[in-house]
Amino acid sequence: MKKIAIIGSTGSIGTQTLEVVRTNKDIQVTAISAGSNVELLIEQAKEFKPYIVGIWSEDKASLLREALSEFDIRIVTGMEGLLEIARMPESEILVTAIVGMIGIRPTIEAIKAGKDIALANKETLVTAGHIIMPLAKKKGVSILPVDSEHSAIFQCIHGEMNNKISRLLVTASGGPFRGKDRAYLENVTVEDALKHPNWAMGQKITIDSATLVNKGLEVIEAKWLFDIEPENIEVVVQPQSIIHSMVEFEDGSIKAQLGTPDMKLPIQYALYYPERRYLPGDRLDFSALSGIIIDTPDMDTFKGLSFAYRAIKTGGSMPTVFNAANEKAVALFLDRKIKFLQIYDIIDACMKAHSLIQNPTLDEILATEQWVYSYIEDYMA
Ligand code: NDP
Ligand code: MG
């Protein structure tokens with residue numbers, strides 16, 4: 001029996017993780033948690049009967065307590081609740097399916113408690129990779145990537161032992177606005193940006209795919225996960241999303257991982273690594289493809305990627321600024337307070353105004369996030 005706790009069980013990754021649990025009969029869900037979606041959380045709790053259910057806001061906890069009163073389930077709230085889930089003795093793996101920098105502290109707590117991490121939450125490695133990776137090594141825990149690109153790389157390097165990687169080729173779909181110019185992007189709406197061509201995901205990451213910030217975050221994550229310098233990480237546009245990423249070794253050989261776009265594959269791979277299991281779903285039909293399309297990213301128009309390279313090359317607290325500024329700017333865009341291209345203006349302004357902290361501690365990372373939020377408040381006033 002695998003024992004997993006999930007933070008962010010009601011979201012896109014969280015619900016697909018539970019689908020993987022449903023089809024495999026040997027995973028026990030020890031805890032689930034959400035921000036505010038009590039209805040779904042109650043349904044999930046009744047189905048999976050975890051030991052702990054977490055909800056962010058205290059206000060909603062009473063609804064949970066009432067609905068789950070007949071079960072022997074502990075209800076926890078806030079950050080303390082997430083930390084309790086992270087370190088609970090009954091679990092072996094923490095699935096970080098929560099969105100935002102709120103995922104960092106629970107991830108650290110779980111590593112300290114010796115849990116492997118099935119990592120979906122991007123913000124963790126982007127902002128605190130220099131803390132997380134050495135800590136995971138020290139504690140002997142595995143960071144198992146859930147993101148499709150990193151899972152693809154992880155699958156490609158399996159069995160390669162100490163063979164030297166010369167390049168990572170991270171694929172990008174290019175998002176809904178691939179091939180468009182700045183004039184077109186000037187007036188795109190929230191609805192336009194939410195129409196991802198291949199993947200159904202949470203709202204924030206879908207906007208990040210449209211700006212290419214998502215790919216930028218993935219480049220930064222890849223640096224930490226695979227210990228590769230950013231100049232050796234290249235982004236390749238593959239609009240069909242069938243090549244999920246590639247690895248080039250020092251002899252020039254390139255390995256790729258392909259498949260239909262289905263997040264359940266990388267989720268299941270992370271949970272059972274290194275074992276593979278049957279996964280129901282469509283298989284790639286090469287006879288139905290007219291070809292495999294490859295393109296280069298337009299980093300001048302879609303500045304998300306250039307900002308990410310700038311942030312990771314600068315290092316220190318800059319990736320946190322990039323990430324937090326984007327998080328806030330995307331929220332403002334989704335609230336229709338700013339236009340699409342202003343997301344870039346806000347990130348750029350924050351990165352230029354920031355006084356760099358080298359090798360930031362967790363407290364400094366969280367303080368940098370707060371500095372970014374107040375800077376944006378003044379910027380918008
Ligand atoms: P969603 O927005 O679909 O889900 C986010 C989850 O986090 C929800 O369960 C949400 O609860 C929960 N949550 C939000 N705030 C809190 C909080 N304060 N306390 C507890 N739980 C909270 O996001 P995704 O599933 O798309 O993405 C999750 C993470 O995985 C992100 O970091 C994303 O970048 C990454 N990722 C996602 C991929 C995808 O295909 N979706 C692919 C690769 C990475 P509630 O429902 O109540 O709001
Ligand atoms: Mg991805």
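# Exercises on a predicted model

**Exercise 1. The second largest pocket**

Task: Find the volume of the second largest pocket, the residues nearest its centre and the class make-up of its lining.

Solution, step by step:

1. In this predicted model, the second largest pocket has a volume of about 630 Å³.
2. Its lining consists of 22 residues. Nearest the centre lie Met-133, Phe-154, Ile-157, Leu-225 and Phe-226.
3. Now assign the lining to elements. Two or more residues each come from α6 (122–139), β7 (143–145), α7 (148–157) and α11 (213–226). The most is given by α6, with three residues.
4. Sorted by class, the lining of this pocket holds 14 nonpolar, four polar and four charged residues.

**Exercise 2. The magnesium site**

Task: Identify the protein donors of the magnesium ion (ligand 2), write their spacing along the chain, and state which parts of the chain Asp-147 and Glu-218 tie together.

Solution, step by step:

1. Three protein residues donate to the magnesium ion (ligand 2): Asp-147 through OD, Glu-149 through OE and Glu-218 through OE. They lie 2.1 to 2.2 Å from the ion.
2. Along the chain, these donors follow the spacing D-x1-E-x68-E.
3. One limit applies to the donor list: water is not among the atoms, so a site may look incomplete.

**Exercise 3. The seven-stranded sheet**

Task: Give the strand order of the open sheet of seven strands, locate its edges, and describe how β1 meets β2 and how α4 packs on the sheet.

Solution, step by step:

1. The order is β4-β3-β2-β1-β5-β6-β7, and the pairing is parallel.
2. At the edges stand β4 (74–77) and β7; each has a single partner strand, so one side of each lacks a neighbour in the sheet.
3. From one strand to the next, the twist averages 20°.
4. Take one pair in detail. Strand β1 (residues 2–7) runs parallel to strand β2 (residues 27–34), and six bridges join them. Ile-7 stands opposite Ser-33 in β2.
5. Helix α4 (residues 78–87) packs on this sheet and touches β1, β2, β3 (52–55), β4 and β5 (93–96). The direction of α4 makes about 125° with that of β4.

**Exercise 4. The four-stranded sheet**

Task: Repeat the analysis for the open sheet formed by four strands.

Solution, step by step:

1. The strands follow the order β9-β8-β10-β11, with mixed pairing.
2. Its edge strands are β9 (233–237) and β11 (254–258), each of which pairs on one side only.
3. Ignoring direction, neighbouring strands of this sheet are turned by 20° against each other on average.
4. Strand β8 (residues 165–172) and β9 run parallel and are joined by five bridges. Within β8 and β9, Leu-169 stands opposite Glu-234.
5. α7 packs on this sheet, where it touches β8, β10 (243–249) and β11. The angle between the directions of α7 and β10 is about 40°.

**Exercise 5. The cavity**

Task: Find how many cavities of 30 Å³ or more the structure holds, and describe the lining of the largest cavity.

Solution, step by step:

1. The structure holds one such cavity, and the volume of the largest cavity is about 60 Å³.
2. Residues lining the largest cavity include Ser-148, Ser-151, Gln-155, Trp-199, His-244 and Asp-262.
3. The elements giving two or more residues to this lining are α7 and α12 (264–272). α7 gives the most, with three.
4. By class, three lining residues are nonpolar, seven are polar and one is charged.

How values were computed: Residues numbered from 1 in each chain as written. Chains lettered and ligands numbered in written order. Predicted model: local features only at pLDDT ≥ 70, side-chain atom pairs only at ≥ 80, totals over all residues. Heavy atoms only, no water. 1 Å grid on protein atoms, 1.4 Å probe; cavity = no way out; pocket = protein on both sides within 12 Å on 5 of 7 lines; lining within 4 Å. Points joined across faces, edges and corners; volume = space filled by probe spheres on them. Nonpolar A, V, L, I, M, F, W, Y, C, P; charged D, E, K, R; others polar. Pairing = 2+ DSSP bridges. Axes fitted to C-alpha atoms, helices over the stretch in contact; angles between N-to-C directions. Contact = heavy atoms within 4.5 Å. Donors = N, O, S within 2.8 Å, 3.2 Å for Na, K, Ca; no water.
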